[in-house]
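Dear colleague,

I am pleased to hand over the structure discussed below, and I would ask you to keep it open while reading. My notes on what was found in it follow directly after it.

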Amino acid sequence: MANPPSIAHMSLAQERECRAKACKYISNVGIALKLPANVIATALIFMHRFYMRQSFHQHRYHDVSGAAIFLATKVEEAGRRLKSVIQALALKANKGADPSFKIDESSKQFRNWWDTIMYYEEMMLAVLCWDLTVDYPYEWILRLCKLNSSPQIVKETAWALVNDSYRHPLCLCYKSVEIAAACMIVAQIITRAQAVGVAGVPGFEGDGGNEKSGGQHEHQNQDIPVDYESMNTIVTQAGTVDHRAADIIEVLLREIEKEYLKKDI
């Protein structure tokens, strides 16, 4: 994971930024096409797999993302006509475009989109070695919520965290059950923090939430509402190991901090 092909032309941080941009683009196009969450997730996974063998320097993420979305609609049997996919891709690629923006289907631009998607779809199948098997954390979220009688807010938060996890290539490093367990634990921390207004917890109200020391946010242990017994139960139920879940949790919490504390970083 630390040596993808793209780092021959950019830093690892820039490579991760390119992945994040591709993820946002795929998500926006997926929403425009009214695709189910599992189809968008499949497209994101295909994109992540592709760029573990190919470089962002050689292949524009707009082109690869278009092929990933079109292929995902076929794999998940959520068929969308190619011309509909092209219109959504073109709309989201043109930032600030009018929502009613459409490409003339007889234009050269439309033909270029069509040819590009067909080319990259074939290339993606070859790069992925026709391995189109995808496993999602969503089903495990539902199982773990049922086992723990979790409230609706925890389930919704965990579900949203799974969606956010696709901004990183976590899906290439960890099993879906491990990602689900980590998202459940973080969801519990977030919802408990929201309930009591913890000091210093990113994104939540509480006294001293913006205090820093040496560039780091200080958290007093007694202020953080972490239920360690519940965390251990989830890890056990998921059949994963503590340190693997902890690695994912670290990434998720880092993203939450970036989102809510941009001014303080």
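A residue is called buried when its relative accessible area is under 20%, and exposed when that value is over 50%. Ser-150, with a relative accessible area of 17%, is therefore buried. Please bear in mind throughout that this is a predicted model.

**Overall layout**

The chain contains 11 helices and 2 strands. Read from the N terminus, the order of its elements is α-α-α-α-α-α-α-α-α-β-β-α-α. Of the 265 residues in the chain, 47% are buried. Among contacts with a separation of 6 or more, 73% are between residues 24 or more positions apart.

In soluble globular proteins, nonpolar side chains tend to be buried together. The largest nonpolar core here has 66 residues, and those touching the most other members are Phe-46, Phe-50, Ile-69, Leu-89, Met-124, Ile-141 and Tyr-166. Helix α2 gives the most to this core, with 9 residues.

Which residues does Phe-46 contact, leaving aside its neighbours within four places in sequence? They are Ala-68, Leu-71, Ala-72, Val-75, Met-124, Leu-128, Leu-132 and Val-134.

**Helix α5**

Helix α5 covers residues 108-127, which is 20 residues. From its first C-alpha to its last it reaches 28 Å, close to the 28 Å expected at 1.5 Å a residue. The buried residues of α5 are Phe-110, Trp-113, Ile-117, Tyr-120, Glu-121, Met-123, Met-124, Leu-125 and Val-127. In an α-helix there are 3.6 residues a turn, so residues three or four places apart point the same way. The partners against which the buried residues of α5 pack are α1 (12-32), α2 (37-50), α3 (61-75) and α4 (82-93).

**Loops and positive phi values**

Most residues other than glycine have a negative phi. Cys-129 is found in the loop between α5 and α6, and at 51% relative accessibility it counts as exposed. The other residue is Glu-77, whose phi is near 55°, again a positive value in a residue other than glycine. Glu-77 belongs to the loop between α3 and α4. Is Glu-77 buried or exposed? With a relative accessible area of 75%, Glu-77 is exposed.

Two further loop positions may be of interest. Ser-150, the buried residue mentioned at the outset, has its place in the loop between α6 (138-148) and α7 (152-165). Apart from neighbours within four places in sequence, Ser-150 is in contact with Leu-144, Cys-145 and Met-184. Pro-99 lies in the loop between α4 and α5 and is exposed, with a relative accessible area of 72%. Pro-99 and Ala-88 are 11 residues apart in sequence, and their C-alpha atoms are 9.8 Å apart in space.

**Aromatic side chains**

How many aromatic pairs does a search of the whole structure find? It finds 7. One of them is the stacked pair of Tyr-51 and Phe-56, with 3.6 Å centre to centre and 10° between the planes. Both partners are buried: Tyr-51 has a relative accessible area of 0%, and Phe-56 has one of 9%. Another pair, formed by Tyr-136 and Tyr-138, is tilted, at 6.3 Å centre to centre and 35° between the planes. Tyr-136 is buried, with a relative accessible area of 16%, and Tyr-138 counts as buried at 7%.

Phe-50, Tyr-51 and Phe-56 form one aromatic cluster. Phe-50 is also among the residues that touch the most other members of the largest nonpolar core. Finally, Arg-143 lies over the face of Trp-140, at 4.7 Å from the ring centre.

With kind regards

Conventions:
Residues are numbered from 1 along each chain as its sequence is written. This is a predicted model: local features need pLDDT of at least 70, side-chain atom pairs count only at pLDDT 80 or more; totals for chains, interfaces and linings use all residues. Side-chain values use heavy atoms; hydrogens and water are left out. Helices (H or I, at least four residues) and strands (E, at least two) are DSSP runs, numbered from the N terminus. The expected span of a helix is 1.5 Å times one less than its number of residues. Buried means under 20% relative accessible area, exposed over 50%, partly exposed in between (1.4 Å probe, protein chains only). Contact means heavy atoms within 4.5 Å. A nonpolar core is a set of buried Ala, Val, Leu, Ile, Met, Phe, Trp, Tyr and Cys residues joined through side-chain atoms within 4.5 Å. Rings of Phe, Tyr and Trp (its six-membered ring) pair if their centres lie within 6.5 Å; planes under 30 degrees apart count as stacked, over 60 as edge-to-face and the rest as tilted. A charge sits over a ring if NZ of Lys or CZ of Arg is within 6 Å of the ring centre and within 35 degrees of the ring normal.
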